[in-house]
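Biologist: Please walk me through some features of a model. I want to know how to read each one.

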Amino acid sequence: NNAYGDILSRITNDVDTIASSFNNSLSTLVTSIVMLVGITFMMFKTNYIMALTAILSSIIGFVFIFIVMGKSQKYFDLRQKELGRLNGHIEEIYSGVNVVKSYNAIESVRNEFNKYNKNVYVANKKSEFLSGMMHPFMEFIGNFGYLSVCIVGAILTKNNIITFGTIIAFITYARLFSNPLRQIGQVMASMQGAASASERVFEILDVEELSDGSKSNKYLDNKEVKGNIELKNVSFYYNEEKEIIKDF
């Protein structure tokens, strides 16, 4: 049901994508979450109004991240599938290069390769563009939180609710709070590719094993064999969508 190159792509490209994503992102994700929890605790301990100001301004960034992830995930899935199709095509042509040359199909094969290659390019461009929007937007949210803290802090200081030192502390907190948020956004973008690759890898792991055919072999009785062979209404399918021979 699958081209050799597509299976090889799952074993090499998809597994490598999962490995690199976890190697680069898992430790960063844990560190960012711990920092986020610690800074949030310190902010609420210092002043809950300022803490809510900093957190609410950052929630906008999380909402945007989930919107972008919802839009871009399908392109990450498409990228891995198209890459598998491209590798399947390359492997098929490479193993049958003599047939391609014999039937003068070089130009046709090249055009087909260009089609698969363009599909990979388009899917990759769209997925990277959408995931690339996370970093600059998280930068904006960090600066927006910083600005919100300054404005709300100035109002509270004017009303003698907090001191100027509290504003300075929260400016530092806002900066520290935005860093793990930015890192989490980058990790989520990286994990999208890993999620798409994981689906393709688990599809192979979940495939049902072939049944043992050792007991299904049939042998002809040498005494009854006449040497006359007739092929009638012979059909062959890889699956319902891949009909190779019909009523031969």
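The talk below takes up salt bridges and a pocket.

Modeller: First, the ground rules. The model is predicted, so local features need pLDDT of at least 70 and side-chain atom pairs pLDDT 80 or more, while totals for chains, interfaces and linings use all residues. Residues are numbered from 1 along each chain as its sequence is written, and side-chain values use heavy atoms, without hydrogens and water.

Biologist: How many salt bridges does a search of the whole structure find?

Modeller: Side chains of opposite charge can pair when their charged atoms come close. The cut-off is a side-chain nitrogen of Lys or Arg within 4 Å of a carboxyl oxygen of Asp or Glu. The search finds seven.

Biologist: Which residue forms a salt bridge with Arg 10?

Modeller: Glu 203, with the closest N and O atoms 2.8 Å apart. Arg 10 lies in helix α1 (residues 4-46) and Glu 203 in helix α6, so the pair ties together parts 193 residues apart in sequence. Helices here are DSSP runs (H or I, at least four residues), numbered from the N terminus.

Biologist: What is the volume of the second largest pocket?

Modeller: Rolling a probe the size of a water molecule over the atoms shows where empty space is left. A pocket is an open set of points on a 1 Å grid over the protein atoms alone, where a 1.4 Å probe fits, with protein on both sides within 12 Å along at least five of seven lines; lining residues have an atom within 4 Å of a point. This pocket has a volume of about 170 Å³. α4 gives the most to its lining, with four residues.

Definitions and conventions. Grid points are joined across faces, edges and corners, and a volume is the space filled by probe spheres set on the points. Helices (H or I, at least four residues) and strands (E, at least two) are DSSP runs, numbered from the N terminus.
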